[in-house]
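Hi there,

Here is the structure I promised to pass on to you. Please have a look at it first, and then read my notes below.

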Amino acid sequence: QVHLVESGGGLVQAGGSLRLSCVASRRSINAMGWYRQAPGKQRDLVAAITNNGITNYADSVEGRFTISRDNAKNTLYLQMNNLKPEDTAVYYCKAVEFGILYWGPGTQVTVSS
């Protein structure tokens, strides 16, 4: 069982920055990532990272967002710069361990124009 807790969401103006954090209850989880879901839309991948640091980004955030992890702290991060109103969504942390998917409860990010 893996428990995930996100933090760092909030309200920010367009062009601003936020850093999301996700603390996991276990260490050295192989694959972790950030997803987001806007009202009325499906949950989509934002960025993902493997245990050895290989990253993958959605085209819409490439160059603006950076995913990273601190395995010693069991923590996943998402640095979000140059935020746009279309980035408004609930952001979820996801972990995959032994083929089982785990999700955090989510954190709201709202970007005003």
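The notes below go through the disulfide, the sheet around it and the cavity search.

Before anything else, please keep in mind that this is a predicted model.

**The disulfide**

The structure holds one disulfide. Its partners are Cys22 and Cys93, with 2.1 Å between their sulfur atoms. The two cysteines sit in distant parts of the chain, 71 residues apart: Cys22 belongs to strand β3 (residues 18-24), and Cys93 to strand β9 (residues 89-97). If you like to check torsions, the angle about the S-S bond is -75 degrees, which makes the link of Cys22 and Cys93 left-handed. Are the two cysteines buried or exposed? Both Cys22 and Cys93 are buried.

Now for the neighbours of β3. With β1, the antiparallel pairing runs over four bridges. With strand β8 (residues 75-80), β3 pairs over six bridges, again in the antiparallel sense. Cys22 takes part in both pairings: Glu6 has Cys22 as its bridge partner in β3, and in β8 the bridge partner of Cys22 is Leu76.

Why can β3 be called largely enclosed by the rest of the structure? Because five of its seven residues are buried.

**The cavity**

How many cavities of 30 Å³ or more does a search of the whole structure find? The search finds one, and the volume of this largest cavity is about 50 Å³.

- Ala24, Arg26, Ser28, Ile29 and Met32 are among them.
- Arg69, Asp70, Asn71, Asn74 and Thr75 also line the largest cavity.

Sorted by class, the lining has three nonpolar, four polar and three charged residues. Some of the lining falls within strands already described: Ala24 lines the cavity and lies in β3, which covers residues 18-24, while Thr75 is another lining residue and lies in β8 (residues 75-80).

I hope this gives you a handy start with the model.

Best wishes

Note on methods. Residues numbered from 1 in each chain as written. Predicted model: local features only at pLDDT ≥ 70, side-chain atom pairs only at ≥ 80, totals over all residues. Heavy atoms only, no water. Disulfide = S-S within 2.5 Å. Buried < 20%, exposed > 50% of the residue type's maximum accessible area, 1.4 Å probe, protein only. 1 Å grid on protein atoms, 1.4 Å probe; cavity = no way out; pocket = protein on both sides within 12 Å on 5 of 7 lines; lining within 4 Å. Points joined across faces, edges and corners; volume = space filled by probe spheres on them. Nonpolar A, V, L, I, M, F, W, Y, C, P; charged D, E, K, R; others polar. Pairing = 2+ DSSP bridges.
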